[in-house]
Amino acid sequence: MTEASYLSSTRAGYDALAVEYAERAKNELTERPFGRAMLGTFAELVDGGPVVDIGCGTGMATGYLASLGVNVRGIDLSPGMLAEARRLHPDLRFDEGSMAALDLPDGELAGLVAWYSIIHIPPAQVPAVLAEFHRVLAPGGHLLLAFQFGEEDDLLHLTEAWGHVFDLEFHRWTPARLADPLKAAGFAMSAALEREADDTERTAQAHVIARKL
């Protein structure tokens, strides 16, 4: 089966950026208390059950959840990002894979995190991705999403950064816009957090926790 073009471009883009990204993002969570708060709440909700951080990148959220005692592993499209994740978190498991088709059994997980990773999914494909998240979660399992805040037509298309050439699209969401796709996929939204951008960010940010019905 031919791979969707957005998956190929996302993989290639993060392969190109991986080493630089790992260095620049290494302190991101230590500087973002709201993100840590949502990850901490999620860690309590999953109560030690198995969790996957999908689109884990260099393992930033994976490592933080593991430090809270969560049984977590990471999955990412990009071999380059996974190499950095394994270097930075040698005691954790990281596998290559796509959120569009997870190589996981039905109902296996207590929780799933997509920490700034649905932003690379075209909006028309997000309902199918949420359905895939629902499939691999156990009944009552929890989903944590983090994303850049914006309306439907807010699209950032980058082709160069840090001396690297690539092709990445960043799609923005609001918790209100995600409410209907989450409901249609079989989730109930439990909490939403919106915060203003800091000095290093282009946009406001948002986080959502939802529960599988």
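Which residues are buried in H1? In this predicted model, the buried residues of H1 are Tyr6, Leu7, Thr10, Gly13, Tyr14, Leu17, Ala18 and Ala22. Their cover includes helix H4 (79-88), strand E6 (155-161) and strand E7 (164-171).

**Helix H1**

Let us stay with H1 for a moment. The helix covers residues 5-24, and at 1.5 Å a residue its 20 residues should span 28 Å. The C-alpha atoms at its ends lie 27 Å apart, which agrees with that expectation. Along the way, H1 bends by about 65° at alanine 18, and alanine 18 is also one of the buried residues of the helix.

Next comes strand E1, made of residues 50-54. Because 4 of its 5 residues are buried, E1 is largely enclosed by the rest of the structure.

| Pairing | Sense | Bridges | Facing residues |
|---|---|---|---|
| E1 and E2 | parallel | 5 bridges | isoleucine 54 and isoleucine 75 |
| E1 and E4 (residues 109-115) | parallel | 3 bridges | valine 51 and glycine 111 |

How does the chain get from E1 to E2, and what is the handedness of this β-α-β crossover? The path runs through helix H3 (residues 60-67), and the crossover is right-handed.

**Helix H3**

Met60, Ala61, Thr62, Gly63 and Leu65 are the buried residues of H3. Among the elements that cover them are helix H2 (33-46), strand E3 (94-96) and the strands E1, E2 and E4. Just after H3, the chain reaches glycine 69, which takes a positive phi of about 90°.

**Arginine 73 in strand E2**

Finally, a look at one residue of E2. Arginine 73 sits in this strand, which covers residues 71-76. Is arginine 73 buried or exposed? Its relative accessible area is 16%, and since buried means under 20%, arginine 73 counts as buried. Its side chain makes a polar contact of 2.7 Å with the side chain of aspartate 95.

Which residues does arginine 73 touch, leaving aside those up to four places away in sequence? They are Val51, Val52, Asp53, Thr62, Arg93, Asp95, Leu104 and Glu108. Several of these names have come up already: Thr62 is one of the buried residues of H3, and Val51 is the bridge partner of glycine 111 in E4. Asp95 is the residue whose side chain meets that of arginine 73 in the 2.7 Å polar contact.

Note on methods
Residues numbered from 1 in each chain as written. Predicted model: local features only at pLDDT ≥ 70, side-chain atom pairs only at ≥ 80, totals over all residues. Heavy atoms only, no water. Helix = DSSP H or I, 4+ residues; strand = E, 2+ residues; numbered from the N terminus. Buried < 20%, exposed > 50% of the residue type's maximum accessible area, 1.4 Å probe, protein only. Polar contact = N/O pair within 3.5 Å; in protein donor to acceptor, adjacent residues only side chain to side chain. Contact = heavy atoms within 4.5 Å. Expected span 1.5 Å × (residues − 1). Bend = angle between axes of the 7 residues up to and from the residue. Pairing = 2+ DSSP bridges. Right-handed = clockwise from strand over helix to strand, strands pointing away.
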